[in-house]
Amino acid sequence: MDLIAKAEAIRARKKNKGTAPLSALTAYDYPTARLLDEAKVDLLLVGDSLGMVVLGYPDTTHVTLDQMLHHVGAVARGAKEALIIGDLPIHSYDTAVEALANARLLIEAGAQAVKLEGGIRQAGKVRAIVEAGIPVVGHLGMLPQRVKEEGGYKKKGKTEAEVEMILEGALALQEAGVFAIVLESVIPSAATLLTEELAVPTIGIGCGDTRKTCDGEIAVITDVIGSYPWFVPPFATPRADVASEITKAVKGYLNALAR
Ligand code: KIV
């Protein structure tokens with residue numbers, strides 16, 4: 001299936017068309033991508049969250065395009081079925097020309113769609129990328145690339161004005177051609193309203209009970225498998241404790257060696 005057809009198949013999974021919620025996880029390397037793909041997750045995001053959970057930076061604002069290309073290539077070698085989305089990192093889409101050139105590089109590295117953060121001010125860039133035949137996912141609500149300006153990771157959609165602003169941005173992105181929109185840390189009532197107002201699927205993270213608020217859910221893989229114990233967001237539900245398993249295995253290895 002070509003990348004446009006794959007993105008269209010995701011767009012068609014809008015909740016009100018009676019289909020199962022979309023599933024999305026982040027992946028940053030070959031073995032994880034292969035395991036998640038074989039587990040049949042719909043979407044794999046090579047997110048710039050790799051800045052924290054893989055590269056050890058305090059936030060996503062340190063991630064470069066070269067780093068993204070490196071990890072997109074690894075994920076693309078591991079996944080056969082899931083649609084692979086590559087994040088455009090901070091300052092890689094300051095203008096429409098840069099946005100398109102760098103989206104093309106992510107596609108050449110193996111992504112099948114790209115994601116960027118922001119609303120109305122990104123609509124022209126989205127349009128330029130989509131017109132070049134590259135599917136785009138939007139990202140609204142809490143924007144991690146703006147964490148410094150925002151002074152932290154805050155919930156969004158708490159006031160009517162804020163909901164209105166997110167909705168305007170979402171409609172502008174939809175009009176520009178995105179096939180889905182990630183909603184991050186939007187309070188449940190606002191996420192539900194946005195999901196109802198939009199024709200494209202919403203994919204929530206930190207938006208409450210996904211089955212009620214959004215058309216699908218995305219989670220950071222390290223939160224799901226418990227492999228990054230130093231910070232776990234309050235909304236995450238760890239389903240394994242990989243960090244403890246690693247520690248146990250390594251202690252076993254060291255003890256056996258010392259005997
Ligand atoms: O980079 C990332 O992992 C993301 C998700 C939080 C949606 O953008």
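**Entry 1: α6 against α8**

I looked up the handedness first: α6 passes α8 in a right-handed crossing, meaning the near helix is turned clockwise from the far one by less than a right angle. I am working on a predicted model, where local features need pLDDT of at least 70, side-chain atom pairs count only at pLDDT 80 or more, and totals for chains, interfaces and linings use all residues. Residues are numbered from 1 along each chain as its sequence is written, and side-chain values use heavy atoms, with hydrogens and water left out.

Next I took the geometry. Helix α6 (residues 123-131) packs on helix α8 (residues 160-176) at about 20 degrees, and their axes lie 8 Å apart. That makes α6 roughly parallel to α8 (angles under 35 degrees count as such). The axes are lines fitted to C-alpha atoms over the stretch in contact, with angles from 0 to 180 degrees between N-to-C directions. Helices here are DSSP runs of H or I with at least four residues, and strands are runs of E with at least two.

Which residues of α6 and α8 meet? I found A123, V126, R127 and V130 in α6 against A172, L173, E175 and A176 in α8, with contact meaning heavy atoms within 4.5 Å. By class, I noted 6 nonpolar, no polar and 2 charged residues in this contact.

**Entry 2: strand β1**

I checked its neighbours, where pairing needs at least two DSSP bridges. β1 pairs with β8 (residues 216-219) in the parallel sense over 4 bridges, and A24 stands opposite I218 in β8. With β2 (residues 43-46), β1 pairs in the parallel sense over 3 bridges; there T26 stands opposite L45.

How values were computed:
Angles under 35 degrees count as roughly parallel, over 145 as roughly antiparallel, 65 to 115 as roughly perpendicular and the rest as oblique. Ala, Val, Leu, Ile, Met, Phe, Trp, Tyr, Cys and Pro count as nonpolar, Asp, Glu, Lys and Arg as charged, and the others, Gly among them, as polar.
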